[in-house]
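Here is a short briefing to read alongside the model. Keep the viewer open and follow the topics in turn.

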Amino acid sequence: MKVSGEAHREGFCSAPASCVRTRPPTRGYVPELQFQTMSIQFRVESTMGAARAGRLLTPHGEIETPVFMPVGTLASVKGVPQDVLEDLGVQILLGNTYHLYLRPGVERVRRLGGLHQFMSWPRAVLTDSGGFQVFSLSQLRKVTEEGVTFRSHLDGSSHFFSPESAMEAQIGLGADIIMAFDECTEYPAEPARVRESMEMTLRWGQRSKKYFAEHRHEVPWGRQSPAPSAQYGAKKVSSFEVQVSGKNHAINGKPENEGSAPAHVGAAAPGCPATQALFGIVQGGMDAKLRKESAERTVEIAFPGYAIGGLSVGEPRTVTREIVEATVEHLPSDQPRYLMGVGTPEEIAEYANLGIDMMDCVLPTRAARHGLLFTSEGKISIKQARYAGDDGPLDPNCACRVCTRYRRAYLRHLYASNEVLAQVLNTVHNLSFYLDTIGRVRHSIALGEKASFLSGVRSAPKP
Ligand SMILES: [Zn+2]
């Protein structure tokens with residue numbers, strides 16, 4: 001009988017080093033055999049008001065929450081190699097299904113073992129469903145109950161995404177956490193339109209879950225693994241289950257020994273949950289009542305985690321905050337909450353304060369490429385001539401590899417000269433600043449120090 005540890009050493013498991021738990025078990029961990037039947041495990045360790053600090057265990061490593069997830073749209077955080085991302089302490093990256101579906105194509109990534117192996121990233125990955133990009137980037141889209149027909153922003157070719165095909169794509173890409181296919185409601189929108197859109201997202205969420213339940217075993221991790229019967233005897237295991245704070249949620253509504261056994265579940269290494277986790281997405285526009293209804297009905301469908309979508313689409317920030325607050329209170333307190341596509345450093349801290357566990361945003365990386373840098377003293381536009389002779393560090397309070405080595409004058413020169421290194425260094429600093437910000441927030445929650453919660457993370461414009 002081949003044990004899963006051998007599977008890992010022999011290369012059946014696509015997850016390199018971090019897949020093997022290197023640190024000793026800590027409070028709250030469940031025995032390894034149970035890990036093999038799970039997609040993720042989440043534990044809240046401390047709270048401060050609505051804010052919580054916790055840990056999320058994924059098939060490719062442990063994540064401390066609240067967490068900021070850098071965006072690696074095309075299996076790359078633009079300008080930053082994976083080893084540097086590891087050094088920066090990035091625990092989970094986000095990939096965009098829409099972009100990866102168009103280039104290099106899901107089938108190619110799947111044949112190469114999934115995103116982790118393709119991009120040589122041993123830690124966790126989350127993919128979005130493609131819905132947001134379809135609605136924001138593609139042209140000539142046509143939305144029906146079945147799905148969305150759209151034209152590629154690259155070459156105008158016609159494509160179709162449905163809940164089923166979005167799940168198929170995300171299973172092929174093989175991220176640790178994948179998202180239900182949803183419709184991102186535009187802003188502003190009429191009340192009737194917001195409800196109609198929310199209802200469709202709920203139906204699409206059910207279809208996403210159904211397809212995922214039937215196909216989750218097709219994840220490319222360890223495709224060469226022996227059949228489960230060879231590893232576990234006659235016992236069938238359900239991987240579509242998550243243990244949260246000691247409670248088991250059978251989210252496919254079936255007993256553990258019912259249904260088809262995942263063919264490759266045994267390929268996961270000891271200490272690693274074995275399968276992907278599908279998160280549901282709450283919509284409902286800027287209507288707090290619809291958000292409540294969407295949250296409650298999405299929770300009824302039952303997912304191991306929940307995202308809040310459809311925000312940061314042009315609404316005032318005060319509205320974003322109100323809607324986040326109005327939604328969070330209707331999500332389970334013992335499951336991860338993911339706020340999609342936000343925000344500035346102070347917003348990241350603010351949303352964590354409201355009880356959000358996971359966030360992503362293109363802002364630190366995109367702004368960096370345009371010379372806009374977040375520092376403890378406010379935002380800096382490094383392209384400005386006033387920095388041409390500035391021999392100080394970019395941020396005297398930042399200990400990142402850029403701030404401890406280079407001067408503002410050099411960074412300004414690189415940017416003004418259009419050197420590739422400008423994008424690299426600027427991105428490294430901005431990511432460091434975001435990760436440092438969320439790290440301080442996490443630390444404050446753990447210490448229960450509300451007073452220091454937002455200190456040192458302000459990025460108000462420099463006077
Ligand atoms: Zn720095």
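**The core and the overall picture**

The largest nonpolar core holds 106 residues, and Met-69, Phe-279, Ala-307, Leu-339 and Met-359 have the most contacts inside it. Helix α16 (residues 420-447) supplies the largest share of this core, with 10 residues. Because domain 1 (4-20 + 34-361) and domain 2 (371-452) both give residues to it, this core lies between them.

This is a predicted model: local features need pLDDT of at least 70 and side-chain atom pairs count only at pLDDT 80 or more, while totals for chains, interfaces and linings use all residues. Residues are numbered from 1 along each chain as its sequence is written.

**Terms to keep at hand**

- A nonpolar core is a set of buried Ala, Val, Leu, Ile, Met, Phe, Trp, Tyr and Cys residues joined through C-beta atoms within 7 Å.
- A residue counts as buried with 20 or more other C-beta atoms within 10 Å of its own, as exposed with 12 or fewer, and as partly exposed in between, with C-beta atoms placed from the backbone.
- Contact (or touching) asks for C-beta atoms, placed from the backbone, within 7 Å.
- Helices (H or I, at least four residues) and strands (E, at least two) are DSSP runs numbered from the N terminus, and two strands pair if DSSP finds at least two bridges between them.
- Domain bounds come from an automatic or database domain assignment.

**Whole-protein numbers**

- The protein has 16 helices and 18 strands.
- Of its 463 residues, 52% count as buried.
- Among contacts with a separation of 6 or more, 73% come from residues 24 or more positions apart.

**The eight-stranded sheet**

- This open sheet runs in the order β4-β16-β15-β14-β13-β10-β6-β5, with parallel pairing.
- β4 (67-69) and β5 (92-95) stand at the edges with a single partner strand each, so one side of each is left without a neighbour in the sheet.
- Neighbouring strands here are turned by 25° against each other on average, direction ignored; axes are lines fitted to C-alpha atoms, for helices over the stretch in contact, and angles run from 0 to 180 degrees between N-to-C directions.
- Strand β6 (residues 124-127) and strand β10 (residues 177-179) run parallel and are joined by two bridges, and Leu-126 stands opposite Ile-177 in β10.
- Helix α11 (residues 288-301) packs on the sheet, where it touches β13 (277-282) and β14 (306-308), and its direction makes about 155° with that of β13.
- Ala-307 touches Met-179, Phe-279, Ile-281, Val-282, Tyr-338 and Met-340, leaving aside residues up to four places away in sequence.

**The three-stranded sheet**

- A second open sheet has the order β7-β8-β9 and antiparallel pairing.
- Its edge strands, β7 (139-143) and β9 (158-161), each pair on one side only.
- Neighbouring strands of this sheet are turned by 20° against each other on average, direction ignored.
- A hairpin with four residues joins β7 to β8; three bridges link β7 to β8 (residues 148-151), with Val-143 paired to Val-148 and Gln-139 to Arg-151.
- Four bridges join β8 to β9 in the antiparallel sense, and Val-148 stands opposite Phe-161 in β9.
- In the hairpin of β8 and β9, which has six residues between the strands, Gly-156 takes a positive phi near 80°.

- Gly-174 follows α8 and has a positive phi near 80°.
- The buried residues of α9 pack against α8 (163-173), β13 and α11; among them are Trp-204, Tyr-211 and Phe-212.

- Arg-52, in strand β2 (residues 51-58), is buried, with 23 other C-beta atoms within 10 Å.
- Arg-52 and Ala-446 are 394 residues apart in sequence, yet 8.0 Å apart in space, C-alpha to C-alpha.
- Asp-83, in helix α3 (residues 82-88), is exposed, with 9 other C-beta atoms within 10 Å.

How values were computed
Two residues are in contact if their C-beta atoms, placed from the backbone, lie within 7 Å.
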